[in-house]
Amino acid sequence: SWTPSRKHQRTSGPVEVTVRDALNQAMDEELERDERVFLMGEEVAQYDGAYKVSRGLWKKYGDKRIIDTPISEMGFAGIAVGAAMAGLRPICEFMTFNFSMQAIDQVINSAAKTYYMSAGLQPVPIVFRGPNGASAGVAAQHSQCFAAWYAHCPGLKVVSPWNSEDAKGLLKSAIRDDNPVVFLENELMYGVPFEMSEDSQSKDFTIPIGKAKIERQGNHVTLVSHSRFVGHCLDAAAVLAKEGIECEVINLRTIRPMDVESIETSVMKTNHLVTVEGGWPQFGVGAEICARVMEGSAFNFLDAPVTRVTGVDIPMPYAKILEDHSLPQVKDIIFSVKKTLNV
Amino acid sequence: MKTMLTVISNALCRITGKNVGAQTVPELLIDLSEYVNLTSPAAHASAQAQRQPPKPPPVSTRSSAASQLARAQLDQLDGPGARVAVTRNFADFTPQVTFDIKKCDLHRLEAGPPVKAELTREQGLQYYRTMQMVRRVELKADQLYKQKIIRGFCHLYDGQEACAAGIEAAISPSDHLITAYRAHGYTYTRGVSIRQILAELTGRKGGVAKGKGGSMHMYAPHFYGGNGIVGAQVPLGAGIALACQYRGNNQVCVTLYGDGAANQGQLFETFNMAALWKLPCVFICENNKYGMGTAVERAAASTDYYKRGDFIPGLRVDGMDVLSVREATRFAADHCRAGKGPIVMELQTYRYHGHSMSDPGVSYRTREEIQEVRSKSDPISLLRERMLSNNMASAEEFKEMDVEIRKEVDDAAQFATSDPEPPLEDLCNHVFSNNPPLDVRGTHPWSKLKSVS
């Protein structure tokens, strides 16, 4: 019989795990740990997940814990929120976050605001998860990044993992959190393998929500990013290192509450800041970082204005050449760094 | 006029089996006053003056023509001609009476709720107290709103009290209930004190949500508000029902919505999933004939709201009769508890106030219509008349209760107007549950506020 992907290691040491499998492990472990946890969404059970993220879970946990829903986002998101209000701990999957727009009232008005409106009487321990942002060739209606929309709202936590450790540790934290968490995955990252440390293979491994991670140390410029573009930043940093420019790459991990302190500490060291994201520029994650840095202690340490590298301000086109030029490429990051450093 | 009186007296004679023309009309009316629901003050006075044990009802059945002439509400009373079983004790009050209640219209159901309802004296007094309390709280809220002590939205429930009281009488505190924004009545029946309700309306720290929720956002154990977005509470209610099913605890969730919300798409999504998964959810449509200013005929292609669940069985219930509501809710809850899946109930009811305090409520309906419902179908009067005409309680008792209730409401209003507003330190609290304290940005960068769980 098939079991969820897990490499049983007798020997200690790091192991290669794809983001998909890391997410699967996180859900499997949390389903096992707390019987109030359940997963619902389109195709999550018998189909093993539209993107196979929930592979094997229905076989292991059955109909009660892994629930296939009809195509009724507003309805099943509301049902999930109601179940959370009644004390269960649902994971509500949106096949992509584009479809969450149909249910966004339940996420914001029923989930995010309720603890406040009830002055603490009614918590809503729910996770909304699914792929966010651009995929490949899926065109405008299926490629939007919702980080800025959800991160705008008090009462929500918004998490955006990049690698496998992020995915597993943050999803476990999100499920254990007593608050509504929007968990933004990335379809293009699902199949990417990453080394996972020995620690991260423990069933109690969690990553705190609200803390960024320095993926690479550097002195000359701070690159801040989230999700897939953290990888782009690291690639750019490798190229720039050959020219003697050392980039400090920060992986936000959480969009809301944002770890501004880590950004400020880094900027006070490097004096230069470039933000990188896949979403649109206006009112986006980079815009927020600019505003926060301006308002805080790091402003006086900037030797140049903050630069934002973002998706192009258009609906996503289909043709490959157009699509490639709609999102930040490594060369755009390199160009922006050099402009910011005036080299 | 004389012809009309003759018509009326002939009809009354046929109802009661008296000889047509044997008495003058005024004599006839006085004689018949114990059988007829006269709600004018004069009628009360005369009824009290001649308080005697009621005569045994005539055995003859009514002619169908007379039945048609009789007002609908006469059917509801323990009236003449109805088959009534009564335990009589002339020295004390009647401890229990079985009343005939209206048969419900059924959809995909072989059988419906019983057509008889037992009412004990204690139950009657309790239902009366509940409904009268809700009535007086709503009227007090009206007053406070006009004095600008209550602000924003205020959707009042007076007229619909039998729904909240009847539902609560049929379920237990361990069952669950969720409704929309016309929620003050349910907040009370689900256990929140009227002090905490009024203080929430006036935005004080003693309010049930510490003043942070307001009229539409009050909560209690197994009561999930109070929801402002029309229809959003329906999927939530099905989710609560899912939790009941998940835990196997035999509890049900009563999920209320209005005739306006009945046209929301998310309801149909919810009906589909609730039926598919057999969720123990009692969907209840409180049809008060108007969605804000739009009469049901102008909003719905089908106003048979009890049938709108399509594949879900439904029943249409007289929402002005607390006993009908109770029996129907019991029937519906039993249906769910038996694992048969969800059920839809339509309660035909009426609100005296406009949609909210900013709606006078007379631009889309006539004052005559409102007055007619008040005089013929008021849920509190119906119950009182039933109990009085069956000697289950005395008029003095009811009067005493009214005085007591008024005093309680006045005291609660006193609290609600004198309690302090929430402290500014509370502004940012309760954003997250079970969370370490966090910083919240204020209106400008130098305003660093703190939020604790």
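In strand E14 of chain A, Val309(A) is the bridge partner of Val276(A). Strand E13 (residues 273-276) of chain A and E14(A) pair in the parallel sense, joined by 3 bridges. The model described here is predicted.

These strands belong to an open sheet of 5 strands in chain A, ordered E9-E11-E10-E13-E14, and its pairing is mixed. The edges are formed by strand E9 (213-216) and strand E14 (307-309) of chain A; each has a single partner strand, so one side of each is left without a neighbour in the sheet. From one strand to the next, the twist averages 25 degrees. Helix H9 (residues 260-270) of chain A packs on this sheet, where it touches strand E10 (221-225), strand E11 (247-251) and E13 of chain A. The direction of H9(A) makes about 175 degrees with that of E11(A).

Chain B contains an open sheet of 6 strands, in the order E2-E9-E10-E6-E5-E4, also with mixed pairing. Here strand E2 (105-107) and strand E4 (176-178) of chain B stand at the edges; because each has a single partner strand, one side of each is left without a neighbour in the sheet. Neighbouring strands are turned against each other by 20 degrees on average, direction ignored. Helix H10 (residues 233-247) of chain B packs on the sheet and touches E4, strand E5 (253-258) and E6 of chain B. Between the directions of H10(B) and E5(B) the angle is about 170 degrees.

Within the chain B sheet, strand E6 (residues 281-287) runs parallel to strand E10 (residues 343-348), and 6 bridges join the two. Opposite Phe283(B) stands Val344(B) in E10(B).

| Strand pair | Bridges | Residues facing each other |
|---|---|---|
| E13(A) and E14(A) | 3 bridges | Val276(A) and Val309(A) |
| E6(B) and E10(B) | 6 bridges | Phe283(B) and Val344(B) |

Ile312(B) lies between helix H12 (296-299) and strand E9 (314-318) of chain B. Its relative accessible area is 1%, below the 20% limit, so Ile312(B) is buried. Val325(B) lies 13 residues from Ile312(B) in sequence, and their C-alpha atoms are 19 Å apart in space.

Note on methods:
Residues are numbered from 1 along each chain as its sequence is written. Chains are lettered from A and ligands numbered from 1 in the order in which they are written. This is a predicted model: local features need pLDDT of at least 70, side-chain atom pairs count only at pLDDT 80 or more; totals for chains, interfaces and linings use all residues. Side-chain values use heavy atoms; hydrogens and water are left out. Two strands pair if DSSP finds at least two bridges between them. Helices (H or I, at least four residues) and strands (E, at least two) are DSSP runs, numbered from the N terminus. Axes are lines fitted to C-alpha atoms, for helices over the stretch in contact, and angles run from 0 to 180 degrees between N-to-C directions. Contact means heavy atoms within 4.5 Å. Buried means under 20% relative accessible area, exposed over 50%, partly exposed in between (1.4 Å probe, protein chains only).
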